Amino acid sequence: MSFPLYAPAEEHDMLRETVRALADEKIAPHAAEIDETEEFSWDVYKALVAADLHAVHVPEQYGGAGADALATVIVIEEVARACASSSLIPAVNKLGTVPLLLSASEELKSRYLAPVARGEAMFSYALSEPEAGSDAAAMKTRAVADGDSYVLNGTKMWITNAGVSEYYTLMAVTDPSAGARGISAFVVEKSDEGVSFGPKEKKLGIKGSPTRQVILDNVRIPADRMVGAPGTGFKTALATLDHTRITIAAQALGIAQGALDFAIGYVKERKQFGRPIADFQGLQFMIADMSMKLEAARQLTYHAAAKSERAMAGEPQKDLTFLSSAAKCAASDAAMEITTDAVQLLGGYGYTKDFPVERMMRDAKITQIYEGTNQIQRMVMARQLLK
Ligand code: CAA
């Protein structure tokens, strides 16, 4: 039995109000255009930096806001309620830097976390490859030691915010005979000679966040850019996901909340058969179910966030792996159902770009896929339960 750990502190409620106000004013009005033009919004990035909301999780000792995991979830949720693409700014900054927070030397942490906290650089995470998606340990990218350097060659794929991020935590094989224990993590910089990016993937959703390959052609980096000890990169990568799958759950919650709020407003206004369609019980039941699924996923996500916070503070949590997969899976499945129902509630209008719910439905889909497909999440959960 596992009891809820979090209390909805007043600070968290105030933070939500602040982020919602900023998102309503500075992000929501641009969300449709960001989706249409498929461009990363530097204006949104600047607005988030100005409010110190672009990488809230970075601890104070590295110049960050030092927000706890639940506060980080709330920030991502509220930005995603307005624009899913934009919510990948705080989410991916966390994904790229958690490997350092978990495993890097103090020197590496200070060097790379401070510019992220200042809003001068973003940080992406490069694990997947064209032939190594769910089976991440099957990666082929090589890092070969050469004196005081490593030389990296290979192709990373599906890298969120590739090209706009300055820094990348990148997993590569240092010992091909050792399987998952032969993978190491490195910080690679966009400006390192030999780093290039593939074309932007043409995606169904999250179009304002570039997804590109990161291509490494004889990239020579100093050996001190290794995160942790040789051979620990895969464990660091998976331990990172234990913390960050919760941020994808947060994104899903935000997208779903945005769709639900819009649909509720619509059914109260839209009249058919001489009265608002909100008067019809069939639609009332849909709204009730949408809200129930969302709140259940939210409670699970906040509980997982509280566990993540404890684990980050040095108190290992046995059920964190289970809970982060469960939260990501439950919230993303809920978001897909809720956004699909929101489109349904708007009828023909919901199916057009004149209303935001079709975008939200497209954006929701990715949350069932990235940071591990929901099939992988179920596998992770089952492994935890059966071991
Ligand atoms: N924390 C720390 N270590 C862990 C761990 C965890 N949660 N889970 C497993 N490990 C360790 C294991 O103990 C093992 O170490 P030992 O050999 O020393 O015992 C090692 O890691 C390998 O573990 P497995 O044998 O379980 O590994 P596997 O090859 O069977 O794979 C998997 C496990 C769960 C399927 C994993 O590959 C996985 O999660 N796949 C999905 C990949 C994924 O999520 N990709 C997301 C990419 S990032 C992204 O999408 C971000 C974005 O763009 C926004």
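## Domains 1 and 3

The centres of domain 1 and domain 3 lie 19 Å apart, taken over C-alpha atoms. The model is predicted. The domain assignment of the chain gives three parts: domain 1 spans 10-118, domain 2 spans 123-231 and domain 3 spans 234-386.

## The contact

On one side, domain 1 brings 26 residues into contact. On the other, domain 3 brings 30. About 2,200 Å² is buried between domain 1 and domain 3. Carbon and sulfur atoms give 65% of that area.

## Salt bridges and polar contacts

Four salt bridges link domain 1 and domain 3. Arg81 also has a salt-bridge partner: Asp261. Their closest N and O atoms are 2.9 Å apart. For this pair, the cut-off is 4 Å between a side-chain nitrogen of Lys or Arg and a carboxyl oxygen of Asp or Glu.

Polar contacts are counted too. Ten residue pairs make them between domain 1 and domain 3, with both residues at pLDDT 80 or more.

## The domain 1 side

Helix H4 gives the most, with ten residues.

What classes of residue make up this side of domain 1? It has 16 nonpolar residues, eight charged and two polar.

Key
Residues are numbered from 1 along each chain as its sequence is written. This is a predicted model: local features need pLDDT of at least 70, side-chain atom pairs count only at pLDDT 80 or more; totals for chains, interfaces and linings use all residues. Side-chain values use heavy atoms; hydrogens and water are left out. Domain bounds come from an automatic or database domain assignment. Contact means heavy atoms within 4.5 Å. Buried area is the accessible area (1.4 Å probe) that two parts lose on being put together, summed over both. A polar contact is a pair of N or O atoms within 3.5 Å; within protein, one must be able to donate a hydrogen and the other to accept it, and residues adjacent in sequence count only if both atoms are side-chain atoms. Helices (H or I, at least four residues) and strands (E, at least two) are DSSP runs, numbered from the N terminus. Ala, Val, Leu, Ile, Met, Phe, Trp, Tyr, Cys and Pro count as nonpolar, Asp, Glu, Lys and Arg as charged, and the others, Gly among them, as polar.
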